[in-house]
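Let's take a walk through this structure together. Have a look at the sequence and the 3D view first, and then we'll start with a pair of charged side chains.

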Amino acid sequence: AWMQNKNILLQENIGGIEAIYGPGATLVRSQALVRIDISQKTPPAILAFGSRDADTFHPQQGTELVGFLARVVENEFRSWLMLPS
């Protein structure tokens, strides 16, 4: 539900999500959320970047780099957990 049926979600001028950021949620004013699919044997995860600046992330930004980082993180998790793709 947090991802609004998207693989990458950029939001500005928001309040942080406590379930994601914990006690720091009140500090988050913009965020980038990226769906992480580690393996077919694991549930999907979220890679979350939060910023205190309300304009750091916004929907008009490109997502290529954060998408690339998410794929790197997926591969590293698979390696650490010794899971298939």
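Start in helix 2, where Glu74 and Arg71 sit three residues apart, so about one helical turn separates them. (Helices are DSSP runs of H or I with at least four residues, strands are runs of E with at least two, and both are numbered from the N terminus.) Before going on, a word on the source: this is a predicted model, where local features need pLDDT of at least 70 and side-chain atom pairs count only at pLDDT 80 or more, while totals for chains, interfaces and linings use all residues. Residues are numbered from 1 along each chain as its sequence is written, and side-chain values use heavy atoms, with hydrogens and water left out.

Back to our pair: the side chains of Glu74 and Arg71 form a salt bridge at 3.0 Å, N to O. (That term means a side-chain nitrogen of Lys or Arg within 4 Å of a carboxyl oxygen of Asp or Glu.) Glu74 also meets Arg78 in a salt bridge, this time at 3.6 Å, N to O. Those two are four residues apart in helix 2, so again about one helical turn lies between them. Put together, Arg71, Glu74 and Arg78 are linked in a network of salt bridges.

How hidden are these residues? Arg78 and Glu74 are both buried, with Glu74 at 7% relative accessibility, whereas Arg71 is partly exposed at 36%. (Buried means under 20% relative accessible area, exposed over 50%, and partly exposed in between, using a 1.4 Å probe and protein chains only.)

Three strands make an open, antiparallel sheet in the order 1-2-3. (Two strands pair if DSSP finds at least two bridges between them.) Strand 1 (8-11) and strand 3 (45-51) are at the edges with a single partner strand each, so one side of each has no neighbour in the sheet. Strand 2, residues 30-36, pairs with strand 3 over seven bridges, and Leu33 has Ala48 in strand 3 as its bridge partner.

Leu33 also belongs to the largest nonpolar core, which has seven residues, including Met3, Leu9 and Val28. (Such a core is a set of buried Ala, Val, Leu, Ile, Met, Phe, Trp, Tyr and Cys residues joined through side-chain atoms within 4.5 Å.) Apart from that core lies another, of six residues, among them Ile36, Ile38, Leu47 and Val66.
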